[in-house]
Amino acid sequence: MAMRRVISSAVKTVTANSARSSSFSSPFTRNLHDSSASKKIVGVFYKANEYASMNPNFVGCVEGSLGIREWLESQGHEYIVTDDKDGPDSELEKHISDLHVLITTPFHPAYVTAERIKKAKKLELLLTAGIGSDHIDLKAAAAAGLTVAEVTGSNVVSVAEDELMRILILVRNFLPGYHQASNGEWNVAGIAYRAYDLEGKTIGTVGAGRIGKLLLQRLKPFNCNLLYHDRIRMDPDMESQTGAKYEEDLVNMLGKCDVVVMNTPLTEKTKGMINKEMISKMKKGVLIVNNARGALMDTQAVVDACSSGHIAGYSGDVWYPQPAPKDHPWRYMPNQAMTPHISGTTIDAQLRYAAGVKEMLDNHFKGEDFAPQHYIVKEGQLAPQYR
């Protein structure tokens, strides 16, 4: 009961935090589903194992199943949850042909390829429990007339806070000190030679959507020089609130920054955008934080720049692919402060995106539209940021 009350409360939070409106226009409309029929819903989440029982609000895992199993099954729907998502013999693959709804997350993404979409003859709806639907072939989904949606706004605070933490970890050269303390060492010089104040530094965000704006607002009290590059300029009031200056030319902005933060969606255009050439335009000793998507970066170019010292520190929680293989080079490059994909799946965020998923499933079963900001693909059209 306690979990249901918290999720119910989180529905209101998601609705309140999702203020953006998106416009979709399409030459056709499809109604793929019978709202009265029983549905087969498959959820793909990470497995919590022994941690599942340690927090009753840990709903974003296989064991927690978003806290919606009882609700779905009480309405006659079938709900299958797994973490086994890759390959022809995976549990997900067994259900592709007859599932109606697939729920995935960016933290343990089920890669929904054009081939899988072609096999999914009964598929109606692809839901992302969180933000970011680049693990789905969106063009194939649009061509198939599917709806793709995510819980916009659900983990904006979580990711922005994490980005601020990573900036401070890199600027203050925190990790060597932590390692010294853990290893029984004491060498102040080995930390202090590359530890700085955040005040007065130039921080630039590549992308200034919800997360980027919130990060800029969080950074303002630190008295930094704040810059942003985005396809859409903020309105003057928001620029005043953040204290950030718009940089139309990305290369020009990168050359000014002590810290670069990636906050742009992964699209065909942005994939690999930070490559060897772009890194060469940055200051020697630049710090980079990337909680957006790992594939925005040229993997080897980042390794090489960290090894040469051109990048003095790289921190993020996103990799490509995910989960990252044991031999992923970012695990072993110098000056990294990487973690698994965690920033957007705090307990608070889980409750918000679980509530958002439940709300959209309820809309779907009733044949009702979602709040417009949640749509990534609707009636054959992609959301503007993915076009």
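Which residue just after H6 takes a positive phi? Select asparagine 173: its phi is about 55 degrees. Before going on, know that this is a predicted model, in which local features need pLDDT of at least 70 and side-chain atom pairs count only at pLDDT 80 or more, while totals for chains, interfaces and linings use all residues. Residues are numbered from 1 along each chain as its sequence is written, and side-chain values use heavy atoms, with hydrogens and water left out.

**Stop 1: helix H6**

Now step back and select residues 156-171, which make up helix H6. Helices here are DSSP runs of H or I with at least four residues, strands are runs of E with at least two, and both are numbered from the N terminus. H6 has 16 residues and reaches 23 Å from its first C-alpha to its last, close to the 22 Å expected at 1.5 Å a residue (the expected span is 1.5 Å times one less than the number of residues). Colour the buried residues of H6, including Val156, Val159, Glu163, Ile167 and Leu170. Buried means under 20% relative accessible area, exposed means over 50%, and partly exposed is in between, using a 1.4 Å probe and protein chains only.

**Stop 2: strands S1 and S2**

Next, select strand S1, residues 40-44, along with S2: the two run parallel and are joined by 5 bridges. Two strands count as paired if DSSP finds at least two bridges between them. Look for valine 44, which stands opposite threonine 82 in S2. Then trace the chain from S1 through H2 to S2, a β-α-β crossover that is right-handed. That term applies if, with the strands pointing away from the viewer, the path from the first strand over the helix to the second runs clockwise. S2 is mostly covered, with 4 of its 5 residues buried.

**Stop 3: the nonpolar cores**

Show the side chains of Leu66, Ile68, Tyr79, Ile103, Val357 and Leu361, the residues with the most contacts inside the largest nonpolar core, which has 33 residues. A nonpolar core is a set of buried Ala, Val, Leu, Ile, Met, Phe, Trp, Tyr and Cys residues joined through side-chain atoms within 4.5 Å. Among the elements giving two or more residues to this core are helix H2 (69-74), strand S2 (78-82) and helix H14 (347-365). The largest share, 8 residues, comes from H14.

What does isoleucine 68 touch, leaving aside its neighbours within four places in sequence? It is in contact with Tyr79, Ile103, Val357, Lys358 and Leu361, where contact means heavy atoms within 4.5 Å. Apart from this core lies another, of 32 residues, among them Met253, Ile274, Ala301 and Ala305.

**Stop 4: salt bridges**

Time for some charges. Side chains of opposite charge can pair when their charged atoms come close. A search of the whole structure finds 16 salt bridges, each being a side-chain nitrogen of Lys or Arg within 4 Å of a carboxyl oxygen of Asp or Glu.

Zoom in on glutamate 93 and arginine 116, whose closest N and O atoms are 2.8 Å apart. This pair links distant parts of the chain, with glutamate 93 in helix H3 (residues 91-95) and arginine 116 in helix H4 (residues 114-119), 23 residues apart. Both glutamate 93 and arginine 116 are buried.

For another pair, pick lysine 139 and glutamate 268, with closest N and O atoms 3.4 Å apart. Lysine 139 lies in helix H5 (residues 138-143) and glutamate 268 in the loop between strand S9 (259-262) and helix H12 (276-280), so this pair ties together parts 129 residues apart in sequence. Lysine 139 is exposed at 53% relative accessible area, and glutamate 268 is exposed at 66%.

**Stop 5: the loop between S11 and S12**

Finally, find proline 321 in the loop between strand S11 (311-316) and strand S12 (336-338). The peptide bond from tyrosine 320 to proline 321 is cis, with omega near -5 degrees. Move along to proline 323, in the loop between S11 and S12: the bond from glutamine 322 to proline 323 is cis, with omega near -10 degrees. End at asparagine 335, which has a positive phi of about 60 degrees although it is not a glycine.
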